[in-house]
Amino acid sequence: MLYELLSNHRDIAIVGMCKNAGKTTVLNALLKELFKRGERVAISSIGHDGERVDLVTQTPKPPIFVEEGTLIATAEGLLGRCDCTKEIVDTTNISTPLGRVIIFNARTSGFVEIAGASMTADLPSLSKRLHRLGADRVIIDGAVFRKSTAGFGISDAVILSTGASYSADAELTASDTAHIVRLLSLKGYGGRAREISGSLSDEVKSNPNVRNFYIRGALTCSMLLPVLKSSLSRPLRLIIRDGSCALISRDTMKKCDRMGIELRVRHESRLLFVSINPYSAYGEHQSGARLKKLLEERINVPVIDVAEVR
C-alpha cells in the first residue's frame, strides 16, 4: 500500500504536527518497502533524528534502520553513532552544529543517526548530489510543521504525521491536522504578483488596483490581522512559496475565507498521506480507530495508523 502511495515522486519530505508523531516509524516503513522493491534510497534530516531517547521529552524513540546500499547524508559528528559499515562517498560544505554534512554509502545494514541541512537553500543542492550518487528517491525527515518551513522547497511530495502527542483531545488533534492538510494542499499560482516589501496592510492600501501579492517568507496571523480588520472592498490573492510558509491558525483562515482572501503557492506539493500515532509520549493515548475516523471525516487524503506499517 505504501509503495502505491509514493507514485513517481523522487523527493519526499516527512513532517510532523508535533514531536513524537511517528515520523521515524513512517521513515523506517518506507525504507523497508523501497528496499524490498529494489530501489536505492537516500535519507537526510532537517533536525537530529535516529537518537534512542528524545532530547526534549526524554522518552524512548525508534531508531532509524537502513539496509545495505542506502545513502545517508548526516553530520560529521554523528558518523560514530552509525553502526553500519560506512563508505564515505562525498563531503559537502553544508555546515551543521555537529559538523559538515558527509554522505556515506551503507556497506552493511545497521542503525544510523542523521542530521543534515537545516537551511532551505542547502536542500536542493543536497538532493541533487544524492541523486547523482545513485539515489532513486531522496527522503528528508523534516521538522515539526509549525516550527520550521524547511524541507518543502526540494520536495514534490509530503507526508504529514500526527497523533496523540499533539493533544489529549482527539477532536482537537483531528481539526488542527485537517487545517494543516489544507495548507499543504494549497493550489499553485504562477501568474504575476506584486512582491511585498513592507507591511502587507500598507501594500494592500497603497495598491488598490492590485489583487495578487507575493509574500517572501512566512505568512503569519500578525501580518494578516490589520488586513482582516480593515474594510477590504476587493478579493485578494496572497501567494507564498509553499504551504509550509502559511503559519496561520484555523480561526485566521476562516476569516480569510469570509473576506475573500485566497491563499496560493509558487511551489505546489502533493500530500501523499497522513500517518497517525495513537500513542502519546506524555501517557495520554488515544484510540487509533477513532482518530483515523475523525480525520477521514475531515480530509480527502489517505490516513494510515503507524501501527499498521510497523
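Reader: Before the numbers, what does contact mean here?
Author: Contact means heavy atoms within 4.5 Å. The model is a predicted one.

Reader: With that, how much of the contact set is between residues 24 or more positions apart?
Author: Such residues account for 78% of the contacts in the protein chain with a separation of 6 or more.

Reader: How many helices and strands?
Author: The secondary structure comes to eight helices and 17 strands.

Reader: What share of the residues is buried?
Author: Of the 310 residues, 55% count as buried. The chain exposes about 13700 Å², with 49% of that supplied by carbon and sulfur atoms.

Reader: And the charges, how far apart are their mean positions?
Author: For the 42 positive and 34 negative charges, the mean positions are 6 Å apart.

Reader: On to α6. Which residues are buried there?
Author: Leu224, Val227 and Leu228 are the buried residues of α6. Down the axis of α6 they fall within an arc of 100 degrees, so they line one face of the helix.

Reader: What is exposed on the other side of α6?
Author: Ser222 and Lys229 are exposed there.

Reader: What do the buried residues of α6 pack against?
Author: Their partners are α5 (200–206), β12 (219–220), β13 (236–240), α7 and β15.

Reader: α7 is on that list. Which of the α7 residues are buried?
Author: In α7 (residues 250–259) they are Thr252, Met253 and Cys256. These cover an arc of only 100 degrees around the axis, which puts them on the same side of α7.

Reader: Which elements do they pack against?
Author: The buried residues of α7 pack against α4 (170–184), α6 (221–229) and β15 (261–265).

Reader: What comes just after α7?
Author: Gly260, with a positive phi of about 75 degrees.

Reader: Which residue has a positive phi although it is not a glycine?
Author: Asn20, with a phi of about 65 degrees. Most residues other than glycine have a negative phi.

Reader: Where does Asn20 lie?
Author: Asn20 is in the loop between β1 (11–16) and α2 (23–36).

Reader: Why does Asn20 count as buried?
Author: Because its relative accessibility is 19%, and buried means under 20%.

How values were computed
Residues numbered from 1 in each chain as written. Predicted model: local features only at pLDDT ≥ 70, side-chain atom pairs only at ≥ 80, totals over all residues. Heavy atoms only, no water. Helix = DSSP H or I, 4+ residues; strand = E, 2+ residues; numbered from the N terminus. Buried < 20%, exposed > 50% of the residue type's maximum accessible area, 1.4 Å probe, protein only. Arc of directions from axis to C-beta. Areas by Shrake-Rupley, 256 points an atom, 1.4 Å probe, with all protein chains shown as cover. Lys, Arg positive; Asp, Glu negative; His and termini not counted. Charge placed at Lys NZ, Arg CZ, Asp CG, Glu CD.
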